[in-house]
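Have the structure open as you read.

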Amino acid sequence: MIMSYFPVQKYKILIAASIFVTSMLASANGLLVHGALASETKPIVTPPKQSDQTTIPPSGYVPVLPDPHYGMLRVKVLDGRTLKPLPDAEIVLLETEKRYRTDKLGLTPWIKAPVLRSARFRFLVNELHGQLTLISYKNGYRDSIHMGVRMNDGSPTKTTIWQYKIDPTADTRVEPVLYQEPYHRLWLIKLADRFRRPSQLGEGYEHP
Amino acid sequence: MRLILTRTGAALAISTLTCFLPIQPASAQTYIIGSTGFPSTIRVAIRQNNAFGEPDPRGPIIYVSTINFDQYCQDVLPNEWYPTWPIASLEAGAIAVKMFGWYHHLHPVTVGGFTFDVDNTVNFQLFRAQSDQDQTNQAYQNTRNLAYVMPDKTIFELNYRAGYENNPNWQYRNAQKMSQWGSQYWAALGRTPLQILEFYYVNRMLVTIPGVGKG
């Protein structure tokens, strides 16, 4: 009886000790990732596998420059006053310097366009969408610059550009028209919340 | 003196009578699904832009534009919800956007001489013409024939706020408002649009709108 009891206890102790050591190692590894123990022990750095490079980290931020993500973009060009489609307008996507023409319906073909999220806010609040710049040209119309086109990662995006016909009698000074597409309001709220003090009420728990 | 006595006597008689009658408080007109037609258009007040080219919620109204109701909802949804969110979140949002617009279509306001249903800013819902996206359009069309109403089928204002990311946002449930980030949270966990709506708007129900089909 006693002989059979001790080996079981021994195994239990061994198992408990191994679980403890494993959990300690895991937690230390977690701290190493965040840099808390980086100065105390040297982490083992293994080169990432090819498949790991496209894994989205928990923060949701994907660095775009080494491995840009793409989405599909289609541009519609309208006459700003009549709201009718403008065929044969030329669209330039500045980030790729490629040019596209609109068809009879004022539409470009679907364009494979990069999702470029500004690195300015990388460590503060990750942008929800990328931003692109387009310029539309058509003879007889003011050039139209369209900034901040929201590019959604992995899903199609549509945007509209308005161009305004030049009136020789009224338009004495013809210059490009700028349209700055705003950030999404959900991201703006997130950005403001990032620096909000507990005493500064916004859309907080106190006033949903 | 005689007049005062008469008035007092009448008041007494009425108060005695009302003691035995059920109390029916005066209320604004209510609109019931089934007896209220689905809106075909909505009047959107366009406010003056601020210096950055964005409509200013406190800016003067420039004009009122009459817009197709379906198009209005489709041009609001991608500006209020994020188009890459799960479809269940977008569908819950599509129902909220539609019911909010419908409620205000039934309760127009007059400001500065302009009569309108909604404006194009966050005073109501953020509307940008021609900003519809395929994913949000799909969510709207999937739920076009559905309404989320009071138990007696009264149309009410489905309100919502941004809320916090990665959080169910219980505080919004208590306030009877949907949290947009909360809808994304629940949709990522596999909840249906109805389950999301039921979480935030307690004691309401989903009904089919008679005579209105999916898109």
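Leaving aside its neighbours within four places in sequence, which residues is B:Val122 in contact with? They are A:Arg185 and B:Pro57, where contact means that the C-beta atoms, placed from the backbone, lie within 7 Å.

A quick note on the source: this is a predicted model, where local features need pLDDT of at least 70, side-chain atom pairs count only at pLDDT 80 or more, and totals for chains, interfaces and linings use all residues. Residues are numbered from 1 along each chain as its sequence is written, while chains are lettered from A and ligands numbered from 1 in the order in which they are written.

Back to B:Val122: you'll find it in the loop between β5 (118-119) and α4 of chain B. With 13 other C-beta atoms within 10 Å, B:Val122 is partly exposed (20 or more would be buried, 12 or fewer exposed, and partly exposed is in between). Its C-alpha atom is 25 Å from that of B:Thr30, which sits 92 residues away along the chain.

Now the contact between the chains, which takes 20 residues from chain A and 21 residues from chain B. On the chain B side, α4 (134-142) and α5 (170-174) each supply at least two residues. Here is how the chain B side divides:

| Class | Residues of chain B |
|---|---|
| nonpolar (Ala, Val, Leu, Ile, Met, Phe, Trp, Tyr, Cys, Pro) | 8 residues |
| polar (the others, Gly among them) | 8 residues |

How values were computed:
Two residues are in contact if their C-beta atoms, placed from the backbone, lie within 7 Å. Helices (H or I, at least four residues) and strands (E, at least two) are DSSP runs, numbered from the N terminus.
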